[in-house]
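This dialogue shows how to read a structure step by step. Each answer gives the general idea and then the case at hand.

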Amino acid sequence: MQNPYMPYPVRIDEIITETEDRNLKTFKFVFLNPGDEDKFSYRAGQFAELSVTGKGEIPIGIASSPTEKGFVKFTVNKVGLVSSYLHSMKVGEIMGIRGPLGNSYPWDTLEGKNVVIIGGGFAFTTLRSSIVSMLDPANRKKFKDINVIYGARTPGMLLYRDELATWERRDDIKMHITVDAANDPDWKYNVGFVPAITEKKAPKADADTYAIICGPPVMIKFTQPVLDKLGYGHDHIIMSLENRMKCGIGMCGRCNIGKEFVCKDGPVFTLAQLNATPREY
Amino acid sequence: MEHMGVEPGRLSFSWISSAESTKFVDVVKDVTATVKALGPNNNFKKAADKVT
Amino acid sequence: MKVMKIDKNDWAGGIGKIQSSYRLYGPVKGDAFHDFKALEKGELPDLNFLNTRISPKSVVYPQSEIMFEYSLDEKNPDHHIMKDAAKDYSPKAILGIRPCDAASFLLVKRNFDTTEYKDPYWIRSYEATTFIGYACNNPCSTCFCTTAGSGPFNEDGLDILLTDAGDCWYAKAITEKGEKLLNAAGWNTIAAGGSLKKIASLKKEAEAKISSLVSTDQLNNKKTTELYEAPFWEDVSFACINCGTCTFLCPTCWCFDIQDENSGCSGVRMKNWDSCMFPLFTIHGTGHNPRGTKLHRVRQRFMHKLKYYVDKYENGIQCVGCGRCIRSCPVNIDIRRVCDMMNSYDPEACACPVK
Amino acid sequence: MLGYIDKIREISKRLLDEGRVDMVVGFRKGSMPMMNEPSFIKNSGEVSKLVWDSNCGINLANYLTDRKEKIGVIAKGCDSRNIVTHILENKIKRDQLVIIGVPCKGMIDRRLITAMFDTEVREVNEKGDTVTVKGAGFEKKLKKSDILQDNCSKCIHRNPVLYDELAAPLVEEQKDIDRYAEVRRIEAMSPQEKWQYFEDLIAPCIRCYACRNACPLCYCPTCFVDESRPQWVGKSQDETDIRTFHFLRAYHCAGRCTDCGACERACPVGIKVRQFTSKLNKDCLDMFGWEAGVLPDQRPPLDTFKPADPGDFIK
């Protein structure tokens, strides 16, 4: 019987400080046992439990893409006991990851469709995974137009800035990067909140267009009416939730919204599904 | 603490000003001597990891 | 399956024989109430009880269980890597478990034994256990098992059902596991023909004594969001002090927490029972708590047992009607009352707060 | 005490009708013998739901904090002392409350009664000082004074210490009560015996925290046992962690505990939780002449300094 609580041992291979407030770091992990990488086969939108030995586990969305081989990446915000300790760890240290967990974005449904990605702040991690995965030469032709609206408070708070710049230059993806306020005189992209930029830049809704939205509650609260106005059906709005989790496999009982476990039946739900459940997230 | 079964002498209160260095030294000496005389306290150690 | 007759004089001897091949758990009387304990050699279970104060779930699912061990000492080549803790899954048997409690394991199994994931600790421990049930001749006034999918003589989840027939015991083997244990005990006198009839009449008598009933037939027809927003939750939750008594005593509550505990340069990762009554259960690292008030938490407990579980598994409520939460709740919150409120809730008719 | 209820209902109705309170917090009839459920009523048509008998042991001071309404609360001696403590600790404002005082003659101990019989207790009635207990095949009359909760039998503040309305004439307080015999018995033990005594006492603990949550004093937003940074107490069933919880909690109640018995009443496994707090109550009385919640206008000993405070323990 496979033990779903047993993490795969990993070594921290690289740590990148992503944002100017130094609260977000990206950790690149390499599996200690050669076979484990194959067992950890994932799709964009899934998450894993990062296991810091002696401290505990935290559920974090996978930021690397299934198309990137040899490592997995996670971007972690410094919040609680485990994430704070993780931020103090160094390259070379040993810990564990357990997963992949949860469903993913509905890639089967999205195939052949227009995809609009709307992200805010540090919730961009699984969206990065999705973008890298969709832009992979083997995958790009499976999707029609790809639009990305991504906002942060300031330019220095944007994640993956180098990659954002690379994507800007491509013509097979339309990037709409925005900041609430630019403190950088050379800022050449949008200024404004995500909902406003969405209203201006997002394509009109049709049966072939899906929006994936992931960000802080306040962003979601104000973006949803915009999508309604643009005509997006609630089954065409895809959201990723987070809740406190422990087991990640639908057993420990805390992350449920109604009968659905965010960890196992989610974290990705359509808004239509969420409308039928209590909003306990 | 004593009421709970911690032996008298293991817990000590003192009021020492930051200027009273000699008193501090004396108190530390006294307390360590008393605790050493009492020997190790096993009561507050955790039970060996039990598996059920 | 066969029914054995156990002479009351053969009782102690049989128990002793069981103990030579099983770790045996049974009810033991403490200062004020009965509880399931691992029986010492020669110790007899005390079957003079209505039901135990705490459910027997801990026999399969300990309140605190070590999963892994680790070393934090970098000199150790395997430092910071989780290692399986030693486990004993040799056969064990629980004697004297009431049918409602035995049925609870089947309910809990749906959570721990799923197609996608299997909790090896719960499953192995469960599979190592033989369940020797003890039919209730005298149910309590707080028992509502017959309308909660179980009953005083219910055989679901049992390997053997013991019935006290006055001058002797009847032991009905329900599964092969049960037969094996009866053999081990040397209880192999087949009961005379009338035994099944006698058991059936005792069963009927016992069922007739169940005085409290709940209605659950409408629960799956209700809309989750409407029940969730029902006005009665303020009244239901007012008295609650958010202690974990109901959930810790409940045979069907399975929620747990995972914790690491270090001691010097080594440590363990363990599973501990947790409770949806505690604010800490759901609080986010940011301080946001999706179930931040006691109303949320009380509602979660009842909605989980009586609605979410019903919808998720389409196999009845997550309650076996043992009545422990009613008897031990320090403020008298009664699941029977709440169940009936939920089952009969009509949002149309209910413009005013329900009392 | 049964006779109080008419007066309680009358006062409640008046308070609600006159708009002096938005809700009255009291008890409604429970679903089992010897149990009543704390509840509230918001309109005067519902006053008949309120009940009062010897099964109203739960401390209603627990239900007053963090509410915005104007509240009428039914208060026994101990409830009123906890209300005083709440007021002293700024948990509630005096002018938010209308206290309906109930002179109390003690609450009966349902665990004690349940344990007296082999079969289930199905019905309990009281009349005057006689309590009649019935079950399948038995009926027994008991003297109420023999079956009181332990704290009630030792109570010397049966009358509310603070009230706006009174449901009945004040009762005579119990006199010449030896409240601390058990504490003295433990004080006389050797350290090892003391350790063993408390070890046995808490052995059945399942860490459900019913004692803490039933206690009106335990209102910290995050209890020390729940803190994770730093984590003060382990989370397993290790007896060291269980002991740490119990005795630290008792310390947090030093000079505040009114000996209302809520902790013991709530404990599902029958631990005599008051053995921890009684010693501290006794010490507060011996050293500072202090009883918690009796004087609305004096600060408790542990948050004030007086030159006369005993200090022999400081070297």
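A: A residue is called buried if 20 or more other C-beta atoms lie within 10 Å of its own, exposed if 12 or fewer do, and partly exposed in between, with C-beta atoms placed from the backbone. Of the 281 residues of chain A, 51% count as buried. In chain C, buried residues make up 51% of 355 residues.

Q: What kind of model is this, and how are its parts numbered and lettered?
A: It is a predicted model, in which local features need pLDDT of at least 70, side-chain atom pairs count only at pLDDT 80 or more, and totals for chains, interfaces and linings use all residues. Residues are numbered from 1 along each chain as its sequence is written, while chains are lettered from A and ligands numbered from 1 in the order in which they are written.

Q: How many helices and strands does chain A have?
A: Helices (H or I, at least four residues) and strands (E, at least two) are DSSP runs, numbered from the N terminus. Chain A has 8 helices and 15 strands. The radius of gyration, taken over C-alpha atoms, is compared with a globule rule of 2.2 Å times the number of residues to the power 0.38. For chain A the radius of gyration is 18 Å, close to the 19 Å that the rule gives for 281 residues, so chain A is as compact as a globular protein of that length. Its C-alpha atoms fill a box of roughly 50 × 45 × 35 Å along the principal axes.

Q: What are the corresponding values for chain C?
A: Chain C has 12 helices and 11 strands. Its radius of gyration is 22 Å, close to the 20 Å of the globule rule for 355 residues, so chain C is as compact as a globular protein of that length. The box filled by the C-alpha atoms of chain C is roughly 70 × 60 × 40 Å, taken along the principal axes.

Q: What share of the contacts in chain A joins residues at least 24 apart?
A: Two residues are in contact if their C-beta atoms, placed from the backbone, lie within 7 Å. Among contacts in chain A between residues at least 6 apart in sequence, 71% join residues at least 24 apart. For chain C, residues 24 or more positions apart account for 72% of the contacts with a separation of 6 or more.

Q: In what order do the strands of the open sheet in chain A stand?
A: Strands of a sheet pair through backbone hydrogen bonds, either parallel or antiparallel. Here two strands pair if DSSP finds at least two bridges between them. The open sheet of 7 strands in chain A has the order β10-β9-β8-β7-β11-β12-β15, with mixed pairing. In chain A, β10 and β15 (268-270) stand at the edges, each with a single partner strand, so one side of each is left without a neighbour in the sheet.

Q: Which strands pair with β9(A)?
A: Strand β8 (residues 146-152) of chain A pairs with β9(A) in the parallel sense over 6 bridges. Within this pairing, Thr178(A) in β9(A) is the bridge partner of Gly151(A). The chain passes from β8(A) through helix α5 (residues 161-169) of chain A to β9(A), in a right-handed β-α-β crossover. The term right-handed applies if, with the strands pointing away from the viewer, the path from the first strand over the helix to the second runs clockwise. Strand β10 (residues 190-191) of chain A also runs parallel to β9(A), joined by 2 bridges, and Val179(A) stands opposite Val191(A) in β10(A).

Q: Is β9(A) mostly buried or exposed?
A: Strand β9 (residues 174-179) of chain A is mostly covered, as 5 of its 6 residues are buried.

Q: Where does Phe193(A) lie?
A: Phe193(A) is in the loop between β10 and α6 (194-201) of chain A. This residue is partly exposed, with 18 other C-beta atoms within 10 Å. Leaving aside neighbours within four places in sequence, Phe193(A) is in contact with Gly151(A) and Asp180(A). Phe193(A) and Val179(A) are 14 residues apart in sequence and 6.8 Å apart in space, C-alpha to C-alpha.

Q: How many residues of chain D are in contact with chain B?
A: 15 residues of chain D are in contact with 14 residues of chain B. On the chain D side, α6(D) gives the most, with 5 residues.
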